Amino acid sequence: MTAKKPEKTRKSGVTDRYARTIDYLRISVTDRCNLRCRYCMPEEGIPSISHDGIMRYEEITLLVQAAASLGFTKLRLTGGEPLVRRGLADLIESLAAVDGIRDLSLTTNGVLLAEQAPRLKDAGIGRINISLDTLRPDRFYTITRRDLFDRVTAGIDAALDSGMDPVKINIVVMRGVNDDEIMDFVLLTKDKPLSVRFIEFMPTAAQNGWERDRVVSSAEVLSRIRKQYIIEEVVDTPGAGPSTDLRIDGFAGSIGFISPVSSHFCDRCNRLRVTADGRIRGCLFSDDELYILPILRQRRPVGEIADFLREAVMKKPRSHTINDGRFKNCQRPMSAIGG
Ligand code: SAM
Ligand code: SF4
């Protein structure tokens, strides 16, 4: 009788210098976008990365294989606008097949989602985050500089129809811009199983209009909602990440908060970000980057790429510095980092 081989134990992420387990990779697949949200991009856009400077699909797949070999299990694709990159569903299919990746999701502005949702779902996208900062078409134009509101709402419906679950709506709350719509967004969760998440407005590249007074803290949003509703229950939305999820009694969906400005979630941070041109960022707000594209392009062995990722994990800072005197806006706009 032959002895049974011991089962290979799977690694579960990489522990950084501050005892956090890093097992979540966010990859920006393009820096291009079909909207020009004022808080994210200047009107003229940003100088695009050359075609050759962007990670190719096979390079992204290699990167994800290396991350999975370290025990990364969660993966999110973002942008720019990921749906403008041709053949995205093919990439998703190959990423979904990487052994160890259990949670594959996408952040999109929804403009191209109506036509792509069924294919994306088939390719492996179970969960999706759609960004929408207003429910008023005229205001949508003011915020995004594009007249595409109806496309986004059609995209949300298509995501629900395709069976993606959860479908999350991300709203960046800005005082004097859209904070009068908080209750309208809460009402969106009444009949539809949407998860609406209020995000604090973050400072990024210098000209994004950020001022501390414009930030509506999660605590303030919650207290405004509590004046009208009894928040009944904490629900555990899969992949809730740094957001806390709550439900209003009788409502089909849920609400959540992402509070990068008012309360650090840095001590629970579990992620690395990779920009479309192949630079690893340990923190959204830190411009320290490690350039991984060259070794991906040279098709170095997975182990070598994994070592590079491990090095990036070890360089993660303990926390961002938004709330202390040392904070400097980061050099890259959010569209180049992926949010
Ligand atoms: N284009 C896609 C989208 O809009 O969903 C993906 C990329 S976008 C950079 C990712 C997320 O970052 C979006 O939810 C967007 O609202 C958010 N974001 C961009 N700039 C932000 C800022 N200054 N403060 C808070 N969130 C921001
Ligand atoms: Fe484009 Fe998303 Fe930035 Fe808006 S937030 S400009 S949709 S990348």
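Seven residues lie around ligand 2, and Cys33, Leu35, Cys37, Cys40 and Asn109 come nearest. The model is predicted.

**Ligand 2**
- The shell around ligand 2 holds four nonpolar residues and three polar ones.
- No charged residue belongs to the shell around ligand 2.

**Ligand 1: the shell**
- Ligand 1 is surrounded by 19 residues.
- Tyr39, Gly80, Thr108, Ser131 and Met202 are the closest to ligand 1.
- By class, the shell around ligand 1 has 11 polar, six nonpolar and two charged residues.

**Ligand 1: polar atoms and cover**
- Serine 131 uses its side chain: an N or O atom there is 2.5 Å from an oxygen atom of ligand 1.
- Glycine 80 uses its backbone: a polar atom there is 3.0 Å from a nitrogen atom of ligand 1.
- Threonine 108 also has a polar backbone atom facing this list: the atom is 3.2 Å from an oxygen atom of ligand 1.
- On its own, ligand 1 has 550 Å² of accessible area, and the protein covers 95% of it.
- Strand 5 (103-108) and strand 7 (167-173) are the elements that give two or more residues to the shell around ligand 1.

**Helix 1 and helix 2**
- How are two packed helices described? The angle between their axes and the distance between the axes describe them.
- Helix 1 spans residues 57-69, and helix 2 spans residues 88-96.
- The two helices pack at an angle of about 25 degrees, and their axes are 10 Å apart.
- Angles under 35 degrees count as roughly parallel, so helix 1 is roughly parallel to helix 2.
- The crossing of helix 1 past helix 2 is right-handed.

Notes:
Residues numbered from 1 in each chain as written. Chains lettered and ligands numbered in written order. Predicted model: local features only at pLDDT ≥ 70, side-chain atom pairs only at ≥ 80, totals over all residues. Heavy atoms only, no water. Near = heavy atom within 4 Å. Nonpolar A, V, L, I, M, F, W, Y, C, P; charged D, E, K, R; others polar. Polar contact = N/O pair within 3.5 Å; in protein donor to acceptor, adjacent residues only side chain to side chain. Areas by Shrake-Rupley, 256 points an atom, 1.4 Å probe, with all protein chains shown as cover. Helix = DSSP H or I, 4+ residues; strand = E, 2+ residues; numbered from the N terminus. Axes fitted to C-alpha atoms, helices over the stretch in contact; angles between N-to-C directions. Parallel < 35°, antiparallel > 145°, perpendicular 65-115°, else oblique. Left-handed = near helix turned anticlockwise from the far one by under 90°.
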